[in-house]
Amino acid sequence: MAWLNKQVLAFSLIVTLAMNGFDMLFHLLEDTAVHLGYVAVKFTVIFLTVFLIVHIMGRGKEQGIVTSITGPAIFYVYYRYASPTLDRTLFKLDENVTYLFLHAAFLGIAYYLTHSLSQREGTMSQPIFKALLASLAASTLEMGYHMTVLTPTLVSELKVFESVSYIYLVLAVTFALVLVKEAFWSSGWIHLGASMLLIGLAGGLTLWMAGWSFSLLDSVVRAILLGIAYSLTEASA
Amino acid sequence: MSTKTALWFLIIGVILALLFLPPKLIISWGLGIGRHNDRVLVGTIGLLVAVVSAYRLLRPTLAENSK
């Protein structure tokens with residue numbers, strides 16, 4: 001499919017994953033529950049917004065601002081209109097309009113970081129942006145894995161985490177690994193497969209050694225998730 | 001995306017966004033397929049398509065330059 005540009009797809013995915021990473025971390029720090037249904041709808045709406053605007057209008061400052069306003073605004077509209085059938089005892093987070101601005105800010109930052117990554121090739125900030133985006137994407141994928149597989153209840157929530165430090169560890173491990181990789185190993189598509197494998201394996205092993213993996217399969221899945229987060233970041237640049 | 005296609009998508013998006021109307025009205029029209037929640041999600045996507053199409057129609061040069 002010629003219209004399905006690989007870079008546009010990777011760009012949209014990484015912006016959405018990073019935005020959701022910021023948002024879920026904020027909710028965790030705020031000690032509010034993050035429900036799977038809520039995250040799934042937000043992910044869908046934000047991804048489609050980023051993808052359609054990048055695909056049709058291209059990337060840039062103006063498009064970034066329009067995306068940052070449109071995505072959260074449309075998600076807010078969904079949230080208001082879906083109210084008759086949503087259990088408001090569980091889904092009451094985004095009734096507060098402040099979240100609209102917060103989501104816009106998170107999306108704006110994620111868009112800026114990803115867009116800058118492709119614009120500032122060779123500069124000092126590039127490895128940091130890449131590491132930041134990969135770690136945010138890895139933490140989102142990890143939280144998604146946790147909600148769908150490790151706590152497969154009807155309304156999964158991140159409150160099952162004993163502490164937020166677990167997600168901090170995923171963030172820190174991915175950030176450090178990508179920075180080390182960028183410092184010692186030149187980037188490029190030739191090295192992508194090997195980099196993915198190394199980052200994934202090192203990340204999975206660290207989490208296992210830190211006592212956060214429940215089984216060998218769990219470690220393997222986490223290694224794959226870290227590898228996916230890194231490869232998406234690389235592909236979006 | 002050409003201007004004509006964008007215009008078509010704008011119309012389709014606006015029609016889909018009508019699913020935001022009250023559930024009783026939608027059901028009385030015989031369009032009560034699925035739960036209200038699901039219809040709102042389809043309406044949301046319709047609204048998004050309409051907004052992006054409108055943006056394309058308002059800023060044609062930006063879209064052309066991005067190719």
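Predicted model: local features only at pLDDT ≥ 70, side-chain atom pairs only at ≥ 80, totals over all residues.

**Entry: two helices of chain B**

I began with a question: are helix 1 of chain B and helix 3 of chain B roughly parallel or roughly antiparallel to each other? I looked up the axes of helix 1 (residues 3-17) and helix 3 of chain B, and they come within 7 Å and cross at roughly 150 degrees. Helix 1 of chain B and helix 3 of chain B are therefore roughly antiparallel to each other. For the wording, angles under 35 degrees count as roughly parallel, over 145 as roughly antiparallel, 65 to 115 as roughly perpendicular and the rest as oblique. The axes are lines fitted to C-alpha atoms, for helices over the stretch in contact, with angles from 0 to 180 degrees between N-to-C directions. Helices (H or I, at least four residues) and strands (E, at least two) are DSSP runs, numbered from the N terminus.

I noted that the crossing of helix 1 and helix 3 of chain B is left-handed (the near helix is turned anticlockwise from the far one by less than a right angle; clockwise would be right-handed). Among the residues that meet there are F9(B), L10(B) and G13(B) from helix 1, and G46(B), V49(B) and R56(B) from helix 3 of chain B. Contact means that C-beta atoms, placed from the backbone, lie within 7 Å. The residues of this contact divide into 15 nonpolar, 5 polar and 1 charged. Here Ala, Val, Leu, Ile, Met, Phe, Trp, Tyr, Cys and Pro count as nonpolar, Asp, Glu, Lys and Arg as charged, and the others, Gly among them, as polar.

Residues are numbered from 1 along each chain as its sequence is written, and chains are lettered from A and ligands numbered from 1 in the order in which they are written. Chain B averages a pLDDT of 84 (the predictor's confidence in each residue, from 0 to 100). In chain B, confidence is lowest in helix 2 (residues 23-28), at a mean of 77, and highest in helix 3 (residues 36-58), at 90. For the complex, I found an ipTM of 0.88 and a pTM of 0.85.

**Entry: where the chains touch**

How many residues of chain B are in contact with chain A? I found 21 residues of chain B in contact with 20 residues of chain A. Helix 3 of chain B gives the most to the side that touches chain A, with 12 residues. By class, that side of chain B has 13 nonpolar, 5 polar and 3 charged residues.

I then looked at helix 2 (residues 36-57) of chain A, which packs with helix 3 of chain B at an angle of about 20 degrees, their axes 10 Å apart. These two helices are therefore roughly parallel to each other. Their crossing is right-handed. The contact includes L48(A) and L52(A) of helix 2 of chain A, and L48(B) and Y55(B) of helix 3 of chain B.

**Entry: chain A and a loop residue**

The secondary structure of chain A comes to 8 helices and 0 strands.

L18(B) lies in the loop between helix 1 and helix 2 of chain B. L18(B) and S66(B) are 48 residues apart in sequence and 31 Å apart in space, C-alpha to C-alpha.

Notes: Contact = placed C-beta atoms within 7 Å.
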